[in-house]
Protein chains: 2
Amino acid sequence: MTQATAYDIGLDKNSANHVALSPLSYLARSARVFPGRVAIVHGNLRQTWAETYARCRRLASALALRGIGRGDTVAAMLPNVPAMLEAHFGVPMTGAVLNTLNTRLDAEAIAFMLQHGEAKVLLTDREFSGVIDKALAMLPTHGRPLVVDCEDELAPPGAALGSLTYEALLAEGDPAFVWQLPADEWDAIALNYTSGTTGNPKGVVTHHRGAYLNAASNVISWQLPHHATYLWTLPMFHCNGWCFPWTMALIAGTSVCLRRVDPALIYPLIRAHHVTHLCGAPIVYSMLIHAPATLRDGITQKLHGLIAGAAPPIAVIEGCEAAGIELTHVYGLTEVYGPASVCAKQADWATLPLAERATLNGRQGVPYPLQEDVTVLDPDTMQPIPPDGETMGEIFFRGNAVMKGYLKNPTATQEAFAGGWFHTGDLAVMYPDGYVKIRDRSKDIIISGGENISSIEVEDVLCRHEAVMLAAVVAQPDARWGEVPCAFVELKPGASTTEQALIEHCRASLARFKVPKRVEFITLPKTSTGKIQKFVLRSQVKSSSAIE
Amino acid sequence: MTQATAYDIGLDKNSANHVALSPLSYLARSARVFPGRVAIVHGNLRQTWAETYARCRRLASALALRGIGRGDTVAAMLPNVPAMLEAHFGVPMTGAVLNTLNTRLDAEAIAFMLQHGEAKVLLTDREFSGVIDKALAMLPTHGRPLVVDCEDELAPPGAALGSLTYEALLAEGDPAFVWQLPADEWDAIALNYTSGTTGNPKGVVTHHRGAYLNAASNVISWQLPHHATYLWTLPMFHCNGWCFPWTMALIAGTSVCLRRVDPALIYPLIRAHHVTHLCGAPIVYSMLIHAPATLRDGITQKLHGLIAGAAPPIAVIEGCEAAGIELTHVYGLTEVYGPASVCAKQADWATLPLAERATLNGRQGVPYPLQEDVTVLDPDTMQPIPPDGETMGEIFFRGNAVMKGYLKNPTATQEAFAGGWFHTGDLAVMYPDGYVKIRDRSKDIIISGGENISSIEVEDVLCRHEAVMLAAVVAQPDARWGEVPCAFVELKPGASTTEQALIEHCRASLARFKVPKRVEFITLPKTSTGKIQKFVLRSQVKSSSAIE
C-alpha cells in the first residue's frame, strides 16, 4: 500500500469535485447551451436539443414508472431513427442498459439475445416485425419483454406487435423527470452482442466512463467542429454507432437519420442538410464512389469520412480521395467501443504519390487520443514483436474505452483480458514508425507450405485491378501445400475481366506462393455492417473442394 | 447500497480496461505518434516531442534517484521557459506534486509557500535569484529544498543559487526511465497557492483526473486543431497555464515560449512561428490592440485568443474584434483548473451590432464541455436564483475539474465545498438563456443606500469612453449613503478627458446612484496576471477619505 502523505489527508472526493463520467451529461449540457439547435433530422422531422432532452427524460420517466431501473436491460431492434438516438440517453438515465440488436439477424439469434440479456422491454420497428414475431414466440411466456412499437412514417409496412407505441410510452413520462447520473461511472451503459461465426454470441458490456471518454476521443481525433452535421450511414446497433450518439451530444451537432444505406437516399440528404461527416465500413464508401456522378451534383462541401471494418481496400481509399471525401482510417471492435486506434496522418505524407499515401493511411495506426495503448505482441510470450513491418503478432488494447467484459461469461472475459491486455484476435505487424497494420484475423490467415499468407495483402492487390470492386481471399484445402489462396471477386458495374488476367495481375506484385490458385466471380456475401462473410466463402470452398 | 445485478458480477476493473486518467499519457502518445514534430520553441531552440519526452523522463529519473517520490513537492520559480513545460511532466512522473510559484511574489510569500508546501526541490531562474535568495534565508536550515538553477540564455543576469544546474540534474537521469502512471487518478498533480489579499495564501491541490479532463476540455471547447502553434502569453504559474502544457501534449502542438508579455516580443514571434492561439488576461489583449500597427505587419493568419481574469472590459472585446483577434471568453479560478466555464457563441449573435455582441460575449457563460455544472445560487439557501439577469447570487461549480481541496487546511476546504458545490465567492446573475454573468467579487460590491452596485457594470461604461483604457471602481466610505462609487481611470496613450466629462458619460447610461462620485486618473496597480489590485485602490480611498 502507498503511504498517506499531506496530499491524501482531508482532500477526499465529494459531490462538488467528483462526478461520474457519463455521456448523459453531454445531453444535459447541449439542451442547456444550445436548446434551439436541431439535434435530429428525419424525413420532415426537425427536433431541437431541448425537445430531444425532454423526450429522453419522458422515456426515462416512463420506463422508471414501469419498474425499469439499475441493471435492467432494454433492447432495441431499430434502424437509424430518432427513437434509437433517444434510447441511447433515455434508457441509461434510468440506470438500465441499452441492448441494441443487429437488425439483420435471424429470429433464433434475436431470441437468444433477448433471453440471455433478460430484456425487460423491447423497442422495435415495423420493418422487423416478421423476425421479432418469430423470436418472441421462441421465448418462454414468463420471459417475454414489454414490446413497444416505434412507429415511423418512413418504415416499410409491417405488423404492430407491441402492447403500446413508443409515443404512447413517452406520453406516460414526465419531460422534466429528475434523472440521476450513475452512482458509479463503472456501471454498465450498453450491451452489444458480437456476431460470432461459431458458438453463441458474446454480450459485450460497456460502461459509462468509457462511453464518455470515447465520445470525447471522437471529437479530438477527428477535429470535429461544434455543430457538425452527421449522416447516419453507420448502424447505431454497431458498437452504439461508434459512440456517435453521445459524440453528437457533446458537440451539439445535427444527426441526419437514415434507414438504409443507399446512394440514391444519401446524396440528396448530404445536399439538403449540408452534411459534412459520416462513418462506415468500406462498402459504404465503395457504393458512394461508384454511384452515378449526377447524384453528386450541387454538393460542394468537403465530406469527412471515418472508415473502419476489417482493412479498407486501397482502391476505396484512393477512390474517396479522388471523389473529394477526406477519409480517416480508424480501427476497433465492439469490445473497445468502436474506434480505438486511428491512422493519424503525418504532414510529410501529403506530398507522396496517391498509392503510397493510401498504403500509409490504410494502416490501423496508433492509439485513439483518449485510449491508452494499442500494440502488437507475441500472444504466447506477451512480449512486443520487433517493429519491422514483417514479424506478425496479435493486436492488443489497453485503456479506459475497453469493455467491462462479457455478460455472464467469466471464462470468455478472463481469456479476453489474460495478461492485462484486451486480446483482439487480429494478427498484425508493427511498423518502425509505431503504426499497427492488420495482416489478418487469426482465422483468416492462409498457411501454405508452412508460410503465412495474409489474405488482406492479396485482396489489396486484387482491388487495385481496374475491373475489381471487392475481393475476398480464403484458404482452399490443398493436398500438397496444406492450404492455397482462393479468390472471390465482385466486379464493378459493367466491368469485365478473366480469371487468368487477375492471376497475372497478382503475379506482378506478389510472391508466387501468395498468388490465388483460383478466382471466382460472384456477388460477395456481406454482414449488415458491410464485412464480407468469409465463413460463407470458406464453406463454399470446402464443399467444392470435396466435390472436385 | 445498490443491489448487484448481472452487470456487476465477473465484470471488474483490471489493467486492460481501467487506467488512471493522467495528462502524462498525452506526452507518451505524442512522443510515439509525432516524435519529430516541434514541441517547444524558445529563442533558437527547437525541441521535438521525442526530445521533450526523453528530457522529461530524464528529469523524473534524476528526481527519483534523489529520493523524490509520491506526495513530495517540487517547486518551480520559472517564467514560461522549456524547463517549466518539462516540469509539468517530469515532476508528476515520479508521483511528486508540482508547485509553480508566482514569479511576482515577494520573499516572504515565497518562503511561506516553500515551507507550507514542504518543497524538497526548487527549480529557479536567475531572473528571480534576488527574491529566492532572501526567501531561502528565511527558511530553517533543515527545511531548505535542493535548489536547481535553470539556466537560460535569454534570462537577465542574476546570481546562481543552486547546488547544480537543471542540465546537470537531467544528465543524472535516464532518458528511457520507466515511469508509472499514478496508482490512483485522484492523486495530486499540482499545488498552486492563491494570492489572497488577506491572511496566508491557500494551497490549491489538483488531481491527475481533473488535469486530464480539463486539458481535453480545452481542445473541445476551443476546437483546437491538431498541431496548433500556441504562444505562452499566459504564465504557467497561473493554474498551470490553464492546463495548456498538457493540452499541447494532447494535440502534439508547438509551444512558443515567452519570458515577458511585451508586444515588441510577441508580434515578431507570432509572425516567425505562425502562432495561431494564445491565452491571457484582458491586459494582454489591451496591450496587443494598442501596440503600434507596424508591429503587426505581415501577420495574415487568424489569431484565436482565450480571455479570462475578472470580467473583460467590453472595450477590449470590441478592440480585438476590430484587430482580427477571435476572442473566446472563459472564466474560472485556480480551484477549477483555470477555465471552467465558457461564453459559448450562439449562431444568431453573429449578425448583432458589435457592442451588443461584445456584451453577450463578455458573460462568463456556461459549463466548459467536460465540466459538470456552473450555476448561480443564493449562498444562504443554496437554491437557484431566478434566471432574470437581475437577481444576484453566488457562482458555484461542480464537476471533475475541481480541486481536491486546500493543502493542510481542512476548515477552508470544508467551507469551499459546503453544500456539495464549490463556492467561488464571485457574485453574478443568471440570464434567461442559462448564461452566467459576474457582477462582482463579494468584496468588490458597493452598497450605496442599501442598493447593490456592481463595480464591473460601472467599469464597463467607463471603458466605453474613447479616452479610457482601463477603469476600476471601488467603494468610498460615505457618511450619508454608507458607500459611494469611486472610479480610478487609466487613459489610452495620448488621450485626455476630465473628471466631469466621465461623470457625464456615466450619467448617460447608468442609474444616478451608480454614477461615480469621484474620478481619479492614475496608472492602475496590477497583479502579475493583469488583474487590477482593487485592495490597493480601496486602501487609497480610505486613507484619502480619512484626510478629507
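This is a predicted model: local features need pLDDT of at least 70, side-chain atom pairs count only at pLDDT 80 or more; totals for chains, interfaces and linings use all residues.
A residue counts as buried here if 20 or more other C-beta atoms lie within 10 Å of its own.

**View 1. The buried residues of helix α10 in chain A.** Helix α10 spans residues 263-273 of chain A, and its buried residues are A:Ile266, A:Tyr267 and A:Ile270. Looking down the axis of α10(A), you will find these buried residues within an arc of 90°, so they line one face of the helix.

View 2. Just after α10(A) comes A:His274, which takes a positive phi of about 55°.

**View 3. An open sheet in chain A.** Here 8 strands of chain A form an open sheet with mixed pairing, and their order is β7-β6-β5-β3-β4-β8-β9-β20. At the edges are β7 (164-165) and β20 (405-406) of chain A, each of which pairs on one side only. Helix α7 (residues 208-222) of chain A packs on this sheet, where it touches β8 (188-193) and β9 (203-207) of chain A. The direction of α7 makes about 75° with that of β9(A).

**View 4. The pairing of β5 with β6 in chain A.** Strands β5 (residues 119-125) and β6 (residues 146-150) of chain A run parallel and are joined by 5 bridges. To find your place along the pair, look for A:Leu123, which stands opposite A:Val148 in β6(A).

Note on methods
Residues are numbered from 1 along each chain as its sequence is written. Chains are lettered from A and ligands numbered from 1 in the order in which they are written. Two strands pair if DSSP finds at least two bridges between them. Helices (H or I, at least four residues) and strands (E, at least two) are DSSP runs, numbered from the N terminus. Two residues are in contact if their C-beta atoms, placed from the backbone, lie within 7 Å. Axes are lines fitted to C-alpha atoms, for helices over the stretch in contact, and angles run from 0 to 180 degrees between N-to-C directions. A residue is buried if 20 or more other C-beta atoms lie within 10 Å of its own, exposed if 12 or fewer, and partly exposed in between; C-beta atoms are placed from the backbone. The arc is that of the directions from the helix axis to the C-beta atoms.
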